[in-house]
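User: I'm new to this one. Can you walk me through it?

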Amino acid sequence: MSKSTFKQNLYIWAENYFYRPNFTQKLLSFILLPLSLIYAFVIYIKKYTSKEKDLGIKILSIGNLSLGGSGKTPLGIAIANEFDGAFIILRGYGRSSKGLVKVCVNGQILTDVKTSGDEAMEYAISVKNTNVIVSENRDEAIYEAKKMGARYIILDDGFGKFHIKKFNILIQPNPLPALNFTIPSGAYRYPVGFYRFGDFIAKEGVSHFRKTQIFNQTDKMLLVTAIANPTRLEPFFNQTVAQIFYPDHHDFNKQELAKLLNSYKATSLLMTQKDFVKVKDFNLPISLIKLHTTLSNELKNAIKQAI
């Protein structure tokens, strides 16, 4: 078994373990509960020993309590397009660079996707005239954004920065994890009770609405994706010849994708926008799942008050 195949199988196993566990996986989950209790205790200590400080600018944090994707980036894109003046700050998972990097300034993209990471590049190409900064040190990035004239900050995946004063939008994932345990027994990074620390709980179909459309649709599409929780793409499964899941933030190469196209005799690769930013220069046939998120009036009003 190749290293790539092993990683794919492990990722699929983990996806099932957290969201669709069989009996054996549920048993393992309960065996690991003591570790989950220790982990949850450490998170509680971190939360209650952190002293919140005001960094002198309005900050919207878009986060979730669970592992994997819940639609943070699409929601952040929708907010940034609705309310002008945002500087988008995120860690830049999967990037090859370190430290603070200005990915996009006033709509001008300054780096490639390997330097920025896929989510940062998705913001850069999806929000007009935007400003995007990646940094492991979110405080440093916020101060830099202030110097550059930010009206407000969108902090992608910022809930766990307990020391920063911010308006916490917590997205409730769909589907929910199978068990309400923290890792390693369940999919929660933070205890389920931490929803009470959210200033706004965002639920798809209530606070925001998602509409998808396939561009350049072909007869034999092969779904290839490296997003967290790929079961969110299940509505597209019956339109594809097969589905290939890679670990979140996987760095595609042209040869592996060309081989997959040939192996499945596919006419195009069906990919999300997050995947596409990493392969757009490969000159391969791509069918693109474009997602448009709209905000409810309730969420719009909450954001207006927060910023």
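Predicted model: local features only at pLDDT ≥ 70, side-chain atom pairs only at ≥ 80, totals over all residues.

User: Okay, start with I43. Which helix is I43 in?

Analyst: I43 sits in helix α3, which covers residues 33-49.

User: Is I43 buried or exposed?

Analyst: Buried. Its relative accessibility is 9%, and the cut-off for buried is under 20%.

User: What does I43 touch?

Analyst: Leaving out residues up to four places away in sequence, I43 touches R189, Y190, P191 and F194. Take R189: I43 and R189 are 146 residues apart along the chain, yet 8.7 Å separates their C-alpha atoms.

User: And F41, buried or exposed?

Analyst: F41 is also in helix α3. F41 is exposed, because its relative accessible area is 56% and the exposed class begins over 50%.

User: Which residues form the nonpolar patch on the surface?

Analyst: L35, I38, F41, V42 and I45. Together they have about 500 Å² of accessible area.

User: How does V42 from that list count?

Analyst: V42 counts as partly exposed, at 48% relative accessibility. V42 lies in helix α3 too. Its C-alpha atom is 32 Å from that of K274, a residue 232 places away along the chain.

User: New topic. Why is helix α6 described as largely enclosed?

Analyst: Helix α6 spans residues 118-126, and seven of its nine residues are buried, so the rest of the structure largely encloses it. The buried ones are D118, E119, A120, M121, E122, Y123 and A124.

User: Now the rings. How many aromatic pairs are there?

Analyst: The count comes to 15. In one of them, Y44 and Y48 are stacked, because their ring centres are 6.3 Å apart and their planes are at 0°.

User: Where do Y44 and Y48 lie?

Analyst: Both are in helix α3, four residues apart, or about one turn of the helix. In general, an α-helix has 3.6 residues a turn, so residues three or four places apart point the same way. Y44 is partly exposed at 29% relative accessibility. Y48 is exposed, at 52% relative accessible area.

User: What about F159 and F162, how are their rings arranged?

Analyst: Edge-to-face. The centres are 5.6 Å apart and the planes are at 85°. F159 is buried at 3% relative accessibility, and F162 is buried at 6%.

User: Which residues form the aromatic cluster?

Analyst: Y44, Y48, F159, F162, Y190, F194 and F197 form one cluster. Y190 and F194 are also among the residues that I43 touches.

User: Which lysine lies over the face of F197?

Analyst: K47, at 4.4 Å from the ring centre. Elsewhere, K290 lies over the face of F215, at 5.7 Å from the ring centre.

User: Last topic, the backbone. Where are the cis peptide bonds?

Analyst: One joins N174 and P175, with omega about 10°. Another joins I183 and P184, also with omega about 10°. P175 is in the loop between β7 (167-172) and β8 (200-203), and P184 lies in the loop between β7 and β8 as well.

Methods:
Residues numbered from 1 in each chain as written. Heavy atoms only, no water. Helix = DSSP H or I, 4+ residues; strand = E, 2+ residues; numbered from the N terminus. Buried < 20%, exposed > 50% of the residue type's maximum accessible area, 1.4 Å probe, protein only. Contact = heavy atoms within 4.5 Å. Patch = residues over 30% accessible without salt bridge, like charges linked within 9 Å, V, L, I, M, F, W, Y side chains within 5 Å. Areas by Shrake-Rupley, 256 points an atom, 1.4 Å probe, with all protein chains shown as cover. Salt bridge = Lys/Arg side-chain N within 4 Å of Asp/Glu carboxyl O. Phe/Tyr/Trp six-rings, centres within 6.5 Å; stacked < 30°, edge-to-face > 60°. Lys NZ or Arg CZ within 6 Å of the ring centre and 35° of its normal.
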